[in-house]
Structures are given as C-alpha cells and as structure tokens.
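Visitor: I have a model to look at and some questions about it. Could you take me through them?

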Amino acid sequence: MKMKDLRKLTISKRLNFLLGSGCSTNAIPLMRYYQDNCENLIQANNKLEEKVKQVSEVLANEKYEEIEAQKEVNKTLKTYVYFIQKVIETLNLSNSRETPRKANIFTTNYDLFIEKAFDVLSRDYQFIINDGSRGYFDKILESSNFDQVVSYKGINDNYISELPSISLIKPHGSMNWDKDEGKERVCIRNNIVQNPLIVKPTGMESADTFSQNHFFSMLRFFTNELDKPQSILVVVGFSFQDKHIAKMVKRATANSELLIMCFCFSASDVESILTNLGFELNEQIPRNIQFIVPIHKNLSNLEKKNYNLNIIERNNLTLFNVIEFMNGVFDEKD
C-alpha cells in the first residue's frame, strides 16, 4: 500500500496510536540501558523509575518555556507537542458523520510527556482531553469515561459540531496515579506521587497487569477499540515485548477492517516485531499489518520475504517521522 494511501486512511478511519518507550528515549533511556549498567533487574527497574520520576517532576512543575534549559527533556517534549498538534489537525479534517472525531493514544510509558503536551496545546487549540477521570480536586480513573464525545452547539443552538477528542489510555500506569486509600480505585493527581501505580518491565507485565482491575480495564478498552470496524492502529517506539499486548494485537488482526501500521526504528525490527507477535517468519503475514521502515543496506533480504514493507529515506524512524508521515512528507510523487 502506498504511503499516500496510508496517510489518507488516518483521516477517514477510527484513529488509534500505540506509543512505547522508544518515543521518550532522548530524555529517558530504554530499559536495556539500565540492564546493561546495573547488577540485577530489580536495580535496573529502580533506576529507570527514578529517572522517569525525575523527568516527570520537571514536566509537572516547570513552565513550558523554562524546560528549554534541559535539552533532552525539551527536545522530547517538543516532539510530543508537534505530534499531538498533528493529531488535532487530522481530527479536524475528519468527517464526524462517518467516524467519531476522536483519537485514542495508548501508551505503556508512565512519564508525563503527553500530559504536558496536552497542557501546552490547550492554550491555543480547541479539543477535549480525556484521561479517563472524573472529579475536580480528587480525580478518579474509570475506563467507562473514555466512551464519551463532546459537541459544541452554536450560541443560538442552531448547530452542533463534534469537538476533536483525544483519549489517553495508560495500561501500565502513570507517575501521577495513586491508590485511593481504603477503596479499590485509582486517583489521578496533579503532582508526582511517592509510590505511583505503575507496571514495571519485570518480564511479568502480564501477571502484574491482570491482577489489578484498573489495569485490566485499560487493556479491555484497547481490545474493544481494535475490534471496531474501519479502525487504524499506528505503532511507534514499541516492539511488542509485552506479551499480553502482543497477544491482543495478534488476535485483532482477524478484524479485516483493522489496519496496523508499525513504524520501525530500524529495518531489523520487522522480524523482531513479527516474532514477538507470535508469527512464524516463513508464514504468510496478514495484509492488514503494514511496516514502515527506514532505508538499510540489508533491506533487500526483507523485501524478498513479502513482509508488507513501506520504505522511506530515513536512517531511523521515531515519533518525529510519524509527524512527517501525517504531514504528507513521504507521499509518493505523481
């Protein structure tokens, strides 16, 4: 499928994104970095959590303009801001009579980059931020809150226009999620909490997630969205090492109206992703999984295997390249 055709589908279909740790890597190193520099997995997890907490403190407590002094955090934040801005613009182009003017962002990251980007863009853009909460000072997380749309009616009640809405779903928790004492529910705070509710990359993510109802409800919402007709899932910075999410996505490929677009950091990630999803590399890969890959000297070997590749002239692919894609930078010339 041509890149131009893929891009047009993001405007006309139900839009979903799955963002992994690769999207924040300029500011927060990958887990692999900590595993290579720590004595054991527990120490690596603690170091990673400490780093995420440190970055999230900056995002939560400092003004957007003041973050410029911290180059890595600032660069990553700006990419998220441009990304969310492009999502809003794309939703404004969509026809709300055919599909809801709504996008879902699923992320396994527990940093606050997306929340900060929401806050920055809410100054100049009219859109609805849905983090699944209800309440004012004490915000309670509830997955049913994601099933909402908001419309703007004219001053004289003479028309109704659905507002762009972006739902943020964090199945691995967040640095500002806290347990409501004495009750089995989650609170979303306006600050970083001491013992945040997060699912650490211990290799036991599936067990950790399904043992807690609030995390399970986030994942159930994810599977429900992928089962809907005329849906798109754009994957970036995520290699499907989380087995529970990989199983859900593989099962969702049975939905012939779902299109999955995987932006691969490098060409070698294609076979890693397929293996993590549970596909045999010698079997026919479903046509509704499309890989967007950067140019590479060994790419010809992948092309021979019919892996539904879309090749673009970049050394590596990151969240910034998804923005380029949505801007039409990679559209083929007629």
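What follows is a short exchange about a sheet, a pocket and a loop in this predicted model.

Visitor: In what order do the four strands of the open sheet stand?

Guide: Strands of a sheet pair through backbone hydrogen bonds, either parallel or antiparallel. Here the pairing is antiparallel. The order is β4-β5-β10-β9.

Visitor: Which strands stand at the edges of the sheet?

Guide: An edge strand here has a single partner strand, so one side of it is left without a neighbour in the sheet. That holds for β4 (133–134) and β9 (177–179).

Visitor: Which residue in β10 does Trp-177 stand opposite?

Guide: Three bridges join β9 to β10, residues 186–188, and these two strands run antiparallel. Within β10, the residue opposite Trp-177 is Ile-188.

Visitor: Is Phe-137 buried or exposed?

Guide: Phe-137 sits in the loop between β4 and β5. Its relative accessible area is 72%, and the cut-off for exposed is over 50%. Phe-137 is therefore exposed.

Visitor: How far apart in space are Phe-137 and Ile-188?

Guide: In sequence, Phe-137 and Ile-188 are 51 residues apart. From C-alpha to C-alpha, their distance in space is 9.5 Å.

Visitor: Which element gives the largest share of the lining of the second largest pocket?

Guide: This pocket holds about 440 Å³ of space and is lined by 20 residues. Two or more of the lining residues come from each of α3 (41–61) and α5 (113–121). The largest share is four residues, and the element that gives it is α5.

Technical notes
Residues are numbered from 1 along each chain as its sequence is written. This is a predicted model: local features need pLDDT of at least 70, side-chain atom pairs count only at pLDDT 80 or more; totals for chains, interfaces and linings use all residues. Side-chain values use heavy atoms; hydrogens and water are left out. Two strands pair if DSSP finds at least two bridges between them. On a 1 Å grid over the protein atoms alone, a cavity is a set of points where a 1.4 Å probe fits but cannot get out, and a pocket is an open set with protein on both sides within 12 Å along at least five of seven lines; lining residues have an atom within 4 Å of a point. Grid points are joined across faces, edges and corners, and a volume is the space filled by probe spheres set on the points. Buried means under 20% relative accessible area, exposed over 50%, partly exposed in between (1.4 Å probe, protein chains only).
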